[in-house]
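Please read it with the structure open.

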Amino acid sequence: MENETWTDKVNQANKMALLTWAREAGISLVQVNGQRRYGGPPPADWVGNPPPAGTEVYIGKLPQDLYENTLIPLFQSVGKLYEFRLMMTFSGLNRGFAYAKYSSQHGARAAIARLNNFQVRKGHAIVVSRSTEKCELSVDGLGPSVGQRELEAVLQRITEGLRSISLYASPGQKQAQLAVLRYGSHQAAAIAKKTLLEGNMRLGGAEMSVDWLNYDLKQKLQSHVEKPSSSKVQGDKCLGVPKPAPPSPVPHNALDRLNAVCRRQGLGTPLFITKRVQATAGGWLRFWCRVVIPGCPQPFSGFTWVRHEPSQSGHEAAKVVVALEVLRMLGSQLS
């Protein structure tokens, strides 16, 4: 019978072996944002800054019911681990890959040399290679009136580790901007990407696409004749100068009205985050919504129900409802 790497159920014996190992070894595993983490820094006293770039390796082709009780001792056998992250599914299986960060580049090189193509089980050879440790995201589809200061203010509220922002004319969309976001670490950038994608966000009236900044796009942006405006994030200060907003069109719906009100009051462009949390058999959808307005001290958050309509996205309907509520609340605050 052919060995299979992928499975659809948790191996209970392996799960119990993991729990026993963690308890006996005094190992603490913390699961956040779809990954289970050991270390960072490791349980033993760590002196100094985190390890530099080039100390992390990517581990792929893992059997899904293989856990840290096997993997951590294996990767510790070739060097001192600073951190180990196993990507997890909601069912309790791993997603087939992990990352190991060593205290030095020597440890990472040793892991690649000795453990790439290592058989963790008969017939199951794993892949170990250098991690790219990407730290830059591209956010396309920003409205033309979005400035650097307001974008920074929004991102600092919902993500952590932001280091700089650069704005460019979108290469693929008319009347839109593309932002390059640089984070302090791959982990901070990965969590920010997950937050921005799951939030189904819009800023300046348009839907945004979020992805890792790839080499071809980076080269294209850098070779553009017009220099992008950019800012470095330093605490609450921003070195960039925001672009002036173009004349506002006549608002024709709740989203446009909210954008217009915020511009008139100098509050910045609202950022909408919506997440569907429930659907009923009768066609009703429940959304969690948050609206972040740079000039308001607190975001507006809450839940709303909308009727599912084939001609309209449930997310868009939820944004209209919450925009009306925010308009009402802003009216009482500004009066």
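**Notes on the predicted model**

1. Gly34 is partly exposed, because its relative accessible area is 27%. Bear in mind throughout that this is a predicted model. Gly34 belongs to the loop between S1 and S2. Leaving aside residues up to four places away in sequence, Gly34 touches Leu86, Met87 and Met88. Arg95 lies 61 residues from Gly34 along the chain, with 9.4 Å between the two C-alpha atoms.

2. Next, the chain as a whole. The protein chain has eight helices and 18 strands. It runs to 335 residues, and 44% of them count as buried. Take the contacts between residues at least 6 apart in sequence: 66% of these join residues at least 24 apart.

3. Now the sheet that holds S1 and S2. In what order do the six strands of this open sheet run? The order is S1-S2-S4-S5-S3-S8, with antiparallel pairing. Strand S1 (30-32) and strand S8 (127-130) are at the edges; each has a single partner strand, so one side of each is left without a neighbour in the sheet. On average, neighbouring strands of this sheet are turned by 25° against each other, direction ignored.

4. Strand S3 (residues 56-60) and strand S5 (residues 94-102) run antiparallel and are joined by five bridges. Ile59 stands opposite Ala98 in S5. Helix H2 (residues 68-76) packs on the sheet. H2 touches strand S2 (35-39), S3, S4, S5 and S8. The direction of H2 makes about 145° with that of S4. When you inspect the faces, recall that side chains in a regular strand alternate between the two faces of the sheet.

5. Check the backbone at Lys61. Lys61 is not a glycine, yet it has a positive phi of about 60°. Lys61 sits in the loop between S3 and H2. Is Lys61 buried or exposed? Lys61 counts as exposed, because its relative accessibility is 58% and the cut-off for exposed is over 50%.

6. Asn117 is a residue other than glycine with a positive phi, near 70°. The loop that holds Asn117 lies between helix H3 (105-115) and strand S6 (119-121). Asn117 has a relative accessible area of 54% and is therefore exposed.

7. On to the largest pocket. Its volume is about 640 Å³. How many residues line the largest pocket? There are 28, and Gly184, Ser185, His186, Gln187 and Ala188 lie nearest its centre. Strand S4 (81-88) and helix H5 (186-198) each supply at least two residues of the lining. H5 gives the most, with six residues. By class, the lining of this pocket has 10 nonpolar, 10 polar and eight charged residues.

8. Gly161 and Tyr183 are 22 residues apart in sequence, and their C-alpha atoms are 5.4 Å apart. Gly161 is found in the loop between helix H4 (148-158) and strand S10 (162-169). With a relative accessible area of 26%, Gly161 is partly exposed.

9. Which residues of helix H7 (residues 254-264) are buried? They are Ala254, Leu255, Leu258, Asn259, Ala260, Val261 and Cys262. Just after H7 comes Gly266, which takes a positive phi of about 70°.

10. Last, a hairpin. Strand S16 (residues 271-279) and strand S17 (residues 284-292) run antiparallel, joined by eight bridges. Phe272 has Val291 as its bridge partner in S17. Four residues lie between the strands of the hairpin, and Gly283 there takes a positive phi near 95°.

Key
Residues numbered from 1 in each chain as written. Predicted model: local features only at pLDDT ≥ 70, side-chain atom pairs only at ≥ 80, totals over all residues. Heavy atoms only, no water. 1 Å grid on protein atoms, 1.4 Å probe; cavity = no way out; pocket = protein on both sides within 12 Å on 5 of 7 lines; lining within 4 Å. Points joined across faces, edges and corners; volume = space filled by probe spheres on them. Nonpolar A, V, L, I, M, F, W, Y, C, P; charged D, E, K, R; others polar. Pairing = 2+ DSSP bridges. Axes fitted to C-alpha atoms, helices over the stretch in contact; angles between N-to-C directions. Contact = heavy atoms within 4.5 Å. Buried < 20%, exposed > 50% of the residue type's maximum accessible area, 1.4 Å probe, protein only.
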